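User: Please take a close look at one chain of this model, then tell me how it meets the other. Keep it brisk and let each point lead to the next.

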Amino acid sequence: MLMAFGLFSWWPILRSLPLSVQRTNFLTTEWVGLDNFSRVLQDPLLITASLNTLWFAVLALVIGFPVPILFAVVIAELRRTRGLASVLVYLPVIFPPVVAVLLWKAFFDPSPTGVLNTALGWFGLGPLAWLNDGDLAMPSIVLQATWASFGTATIIYLATLMGVQTELYDAAETDGAGAFRRFWHVTLPQMRGVLLVMLLLQLIGTFQVFTEPYIMTNGGPENHTVTILMLIYRYAFVSGDYGRATALSLLLAAALSALSWIYLRATKRWSTS
Amino acid sequence: MSAETERSILSRLDRRRPGVRVALGVVRVLVFTVLVVLCVGPLFWLFKAATSTSTETLSAPFSLWPSGVHWGTFAEVWTKVDFARYFVNTLWLMAGSLFFGLLVATTGGYGLAVLKPRYAKAVYAAILATLFIPGVISLVSLYLTVMDVPFLHTNLIGTLWAVWLPASANAVNVLLMQRFFAAIPGDLFEAARIDGAGPFRIFVSLVLPMSRPILGVVSLLTLVGAYKEFLWPLLVLPNPEDQPISVALPRLETSGDFAQFMAALFISVIIPVALFLVFQRQFLRAAGNSGALKG
């Protein structure tokens, strides 16, 4: 156990630190100081990749965060058919990510006879270019990513809803609160702990997005879907520049740690006040 | 909890009111329509695309088998595009990940929860810490580590060891095990020790048989994780002949016939879906469990 963690978990984490200030080609290793970091920061693609990643995170938040809450609350009211609904909701999560991404890539076929374009045609809309359209490519990827992941969050929220204190519903009802106000004033506050954690985990996850844009667009069209992790991948495994890749990894990890720290502090104050 | 005593946002009184009943019925139909279209629809379409000809699907994606069901495509995929090889690779990858994952998680959990050497607290903290460090930090350095393992100085790239060993160092699994073992009453260990059982005997004939439920959860999480992995096997298994399904599929997209590609996707998804439908209770409980750990 100690060997597994030592060699493949702790050692790589520690090794990132010296690696980020070295340049290595396996034969010779030289210390280059902060050169790797300055070369990362001078890359014009870094700003593009950061903005794209941020755009992905925001879209995934706006589209992907409320959907599972809505599904969980409604499914919880269905009672007898709750089990069947849970199974259906969880089905997309069972898709291996690569299969889901490739299937949606086929759905996004830009020709008028593509799956989604045909469906849009029924309503007199489209056809859209989906992944070939610079402005539409990222929202399309978010659509797929949301489809693939909303089941997990729904199941977790459903489990949380089972533990909500029901006396408060009785009290709210006696006070004449309708269904929506009961949801707003009783259900949501009791879910707050889980919601806050899930929000942070989702943010951390979306900032490390790779598989979806890598398979669907490989960063295109015209770098509209290049993400930070894709940049790390290209530095390390396309150009063989491990030092530069590690430097960017450390920057991203530092940004994520700072984000978590600020988030946890802010929400702590908010929940105690 | 019986259905009689529990309530949710709507009370029993609400549910008797005719207006609420009709509204609930409408919502029920609506929710299930959405879920069937959204969640079952893609799976059904994939099956249809796999058993239709490429031109049929590409020219009219919603037509239902205009020239009959072509079952032969599945056999073609199995033999022509070497899918059988990728499938066997995937099985090996999963089996090894399961073996090493369970080995590390059970021995680690046992050491931390039961044996408790003096340095156990430090190890526990170090394992917990890896949960909070974003995985991206060690992607590149882990790759370099696997290329030249410290002390052993061997290169694991191109072998399944490069997938098995890093996957076995899974902090969540060790912590799940540790929590479960720590909840076993200490009297049992006391009694076993008095009967003369050593730490290894206690582990094999007392702890492991008692931990079936948690072993099931950890096995499930490990197997699903191994089947889904993409980036890491892509990096460490560069030779196409060694790759699992998940890494090989994107290559099939550009190389083969569209219907064959759809059939390959369908085979890849129907196996986990079938397992899910059989073990749905365990899957959903594992999903809810991971939520409890997060919350």
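Analyst: A helix here is a DSSP run of H or I with at least four residues, numbered from the N terminus. By that rule A:G243 lies in helix α13 of chain A, which covers residues 242-272. The model is predicted. The predictor gives the complex an ipTM of 0.84 and a pTM of 0.86.

First, chain A as a whole. Chain A holds 13 helices and two strands. Its C-alpha atoms fill a box of roughly 75 × 55 × 35 Å along the principal axes. The chain has 273 residues, and 44% of them are buried. Consider the contacts in chain A with a separation of 6 or more: 66% of them join residues 24 or more positions apart.

A:G243 shows such contacts at the level of one residue. Beyond its neighbours within four places in sequence, A:G243 is in contact with A:L19, A:S20, A:Q22, A:R23, A:T24, A:V32 and A:N36. Is A:G243 buried or exposed? It counts as buried, because 25 C-beta neighbours lie inside 10 Å and the cut-off for buried is 20 or more. A:G243 and A:P92 are 151 residues apart along the chain, and their C-alpha atoms are separated by 38 Å.

A:Q208 lies in the loop between α10 and α11 of chain A. It counts as partly exposed because it has 18 C-beta neighbours inside 10 Å. Its contacts reach into both chains. Setting aside residues up to four places away in sequence, A:Q208 touches A:L229, B:P134, B:G135 and B:V136.

Next, the helix on one side of that loop. Helix α10 of chain A runs over residues 179-206, 28 residues in total. Its end C-alpha atoms are only 33 Å apart. A straight helix would reach 40 Å at 1.5 Å a residue. Where does α10(A) bend? The bend is at A:R192, and it is about 55°. The buried residues of α10(A) are A:R182, A:V186, A:T187, A:M191, A:V194, A:M198 and A:T206.

A:W130 has a phi near 50°, which is positive in a residue other than glycine. It is found in the loop between α7 (115-122) and α8 (134-162) of chain A. A:W130 is buried, because 24 other C-beta atoms lie within 10 Å. A:N223 is not a glycine either, yet its phi is positive at about 65°. This asparagine is found in the loop between α11 (211-216) and α12 (228-238) of chain A. A:N223 is partly exposed, because 15 other C-beta atoms lie within 10 Å.

Now the meeting of the chains.

Chain B itself is divided into domain 1 (19-70) and domain 2 (82-294). The C-alpha centres of these two domains of chain B lie 35 Å apart. Their contact takes 10 residues from domain 1 of chain B and nine from domain 2 of chain B. On the domain 1 side, α2 (18-50) and α3 (54-59) of chain B each supply at least two residues. α2(B) again gives the most, with five residues on the side of domain 1 that touches domain 2. That side of domain 1 of chain B has six nonpolar, four polar and no charged residues.

Last, confidence in chain B. Its pLDDT averages 82, and 96% of the residues score at least 70. Over residues 1-5 of chain B the pLDDT is below 50. Beyond near neighbours in sequence, that stretch has two contacts in the model. Where pLDDT is low, predicted coordinates should not be read in detail.

How values were computed:
Residues numbered from 1 in each chain as written. Chains lettered and ligands numbered in written order. Predicted model: local features only at pLDDT ≥ 70, side-chain atom pairs only at ≥ 80, totals over all residues. Domains from an automatic or database assignment. Contact = placed C-beta atoms within 7 Å. Nonpolar A, V, L, I, M, F, W, Y, C, P; charged D, E, K, R; others polar. Buried ≥ 20, exposed ≤ 12 C-beta atoms within 10 Å, placed from the backbone. Expected span 1.5 Å × (residues − 1). Bend = angle between axes of the 7 residues up to and from the residue. pLDDT = per-residue confidence, 0-100.
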